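Dear colleague,

Please find the structure that I am handing over to you below. My notes on it follow directly after.

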Amino acid sequence: MKRAILLVSHGKLALTMKECVELITGKQKHLYALSMDADETFESFSSQLGTSVNQLRVCHQEIIILADIKGGSPCNAATLQVLEGSDIHVIAGFHLGLVIECCLSPASPGELIANASQSISHINSVIK
């Protein structure tokens, strides 16, 4: 696939999200995860992320990095990667629906966000 999807998060969220996605969709060869441990420094994580991105560039033309939370260290490290190349897109605030959408759809980052946003709803108001 031309696109790689890299999940980045605090703790094990990225790794667990990858497992959840693959439970639903089956193995995703273009889905990767990198987690920032509690004792890890920003510099260390940024370095790991840079190495991962460079490895992904070997086989993929575009990389979408999905970060757990806007403004968090994993997201900030991913944002630095955007400055390194136009093939990188960062989306902050991932959830299961968005990650599945990224894995299964060739849509642009903006379209992916719009589609995933529609999946968020207050069920009580829908059933009343």
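This is a predicted model: local features need pLDDT of at least 70, side-chain atom pairs count only at pLDDT 80 or more; totals for chains, interfaces and linings use all residues.

Residues are numbered from 1 along each chain as its sequence is written, and side-chain values use heavy atoms, with hydrogens and water left out.

**Helix packing**

Two packed helices are described by the angle between their axes and the distance between the axes. Here, helix α1 (residues 13-25) and helix α4 (residues 96-104) have axes that come within 10 Å and cross at roughly 60 degrees. That angle makes α1 oblique to α4. Helices (H or I, at least four residues) and strands (E, at least two) are DSSP runs, numbered from the N terminus. Axes are lines fitted to C-alpha atoms, for helices over the stretch in contact, and angles run from 0 to 180 degrees between N-to-C directions. Angles under 35 degrees count as roughly parallel, over 145 as roughly antiparallel, 65 to 115 as roughly perpendicular and the rest as oblique.

On the α1 side, the contact (heavy atoms within 4.5 Å) is made by M17, C20, V21, I24 and T25; α4 contributes L96, V99, I100, C103 and L104. By class, this contact of α1 with α4 has nine nonpolar, one polar and no charged residues. Ala, Val, Leu, Ile, Met, Phe, Trp, Tyr, Cys and Pro count as nonpolar, Asp, Glu, Lys and Arg as charged, and the others, Gly among them, as polar.

**Salt bridges**

The structure holds five salt bridges, each defined as a side-chain nitrogen of Lys or Arg within 4 Å of a carboxyl oxygen of Asp or Glu.

E62 pairs with R3, with the closest N and O atoms 2.9 Å apart. E62 lies in strand β3 (residues 62-67) and R3 in strand β1 (residues 3-10), so the pair ties together parts that are 59 residues apart in sequence. R3 counts as buried, at 6% relative accessibility; buried means under 20% relative accessible area, exposed over 50%, and partly exposed in between (1.4 Å probe, protein chains only).

The side chains of D87 and R57 also meet in a salt bridge (2.9 Å, N to O). D87 is in the loop between α3 (73-82) and β4 (88-92), and R57 is in helix α2, 30 residues apart. D87 is buried at 17%, whereas R57 is partly exposed at 25%.

Finally, K18, E22 and K27 are linked in a network of salt bridges.

With kind regards
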